[in-house]
Amino acid sequence: GFHWPFGKVLCKLISTVAFLNMFASVFLLTIISMDRCVSVMCPVWAQNHRTPQLASLVALGIWIAALALSSPYFVFRDLKGSPGEENITHCYNNFALSDSFQSEEVVKLGEYRAQALVMTRFVAGFLVPFVIILFCYGIITVRLKGTRLTRSTRPFKIMVAVVVTFFLCWFPYHVFSFLEMSAARVTPGLQTFLMVGIPLASSLAYLNSCLNPFLYVFVGQDFREKLRTSILAALESAFSETTGQTLTKSKSSVEVECHTL
């Protein structure tokens, strides 16, 4: 029955963190596509300017932007009792920041803020990133097509998978967000549909974060071989360091003994 027993602080945090994850995930995917596009289009410039320091600054900027866009949900999230039901508390979006919704002005203010947040979420969290990702991977495809780097079709399949997965995971969520925005003016049957569909669409959207590692890492060319090589290299390095330390200690002991003699 949507009862929330965890208090106001967690009510605010659960929504804020969810949207923080959404914006940060989408923005990072967008930056990754832009970075790959720059690496292909301007390889010399990219080699000279793509530094860990720059990557850290860009990542920090992404998290700050994501936090700024998700902070309104911390402000608007609130608790209220359910009319006619004792000991039932709902965690909901109080966009009007009011305890009374009898006034028409309060209702309109809440609707206006809700529409603004839904539109911002759609434009900044889906439309613009999706267009950038689509454009960047389109540029990469055109650039690499027919070159010796693309004898295999695997890179193109991965890029298509990234774009399609992003679209399929996030588009239903934003569709349901627009439907929810107009839920007050729709039939009760559609409201029931939204109660069932919104959690499913949200779960599908968050699934995108689980799929990204597979798309960006695990399906890479020769991943198993690279993983096996990396593990062997790490073990070899560890044993080499141990052996080197032992040899150094032995050498030091010999030098001390010689010096003593």
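Q: Where is Ala-205 found, and why is Ala-205 called buried?
A: Ala-205 is found in helix 6, residues 188-218; helices (H or I, at least four residues) and strands (E, at least two) are DSSP runs, numbered from the N terminus. Buried means under 20% relative accessible area, exposed over 50%, and partly exposed in between, with a 1.4 Å probe and protein chains only. Ala-205 has a relative accessible area of 0%, and is therefore buried.

Q: Which residues does Ala-205 touch, not counting those up to four places away in sequence?
A: Ala-205 touches Cys-169, Trp-170 and Tyr-173, where contact means heavy atoms within 4.5 Å. The C-alpha atoms of Ala-205 and Phe-171 are separated by 8.3 Å, although the two residues are 34 residues apart along the chain.

Q: On what basis are such values computed?
A: This is a predicted model, in which local features need pLDDT of at least 70 and side-chain atom pairs count only at pLDDT 80 or more, while totals for chains, interfaces and linings use all residues. Residues are numbered from 1 along each chain as its sequence is written, and side-chain values use heavy atoms, with hydrogens and water left out.

Q: Why is Asn-93 called partly exposed?
A: The relative accessible area of Asn-93 is 28%, so this residue is partly exposed. Asn-93 is found in strand 2, residues 89-93, and touches Phe-76 and Arg-77, not counting residues up to four places away in sequence. Asn-93 and Cys-11 are 82 residues apart in sequence and 9.9 Å apart in space, C-alpha to C-alpha.

Q: How do you know that the reach of helix 4 is close to the expected one?
A: The expected span of a helix is 1.5 Å times one less than its number of residues. Helix 4 (residues 104-144) has 41 residues and reaches 58 Å from its first C-alpha to its last, close to the 60 Å expected. Helix 4 bends by about 35 degrees at Val-123, the bend at a residue being the angle between axes fitted to the seven residues ending there and the seven starting there.

Q: Where does helix 3 bend, and which of its residues are buried?
A: Helix 3 bends by about 30 degrees at Leu-69, and a proline, Pro-72, follows within four residues. With 25 residues, helix 3 reaches 37 Å from its first C-alpha to its last, close to the 36 Å expected. Its buried residues are Ile-62, Ala-66, Ser-70, Tyr-73 and Phe-76, and these pack against helix 1, strand 1 (77-81), strand 2 and helix 4.

Q: At what angle do helix 1 and helix 3 pack?
A: Helix 1 (residues 7-41) and helix 3 (residues 52-76) pack at about 150 degrees, with their axes 8 Å apart. Axes are lines fitted to C-alpha atoms, for helices over the stretch in contact, and angles run from 0 to 180 degrees between N-to-C directions. Residues making the contact include Phe-19 and Phe-23 of helix 1, and Ile-62 and Ala-66 of helix 3.
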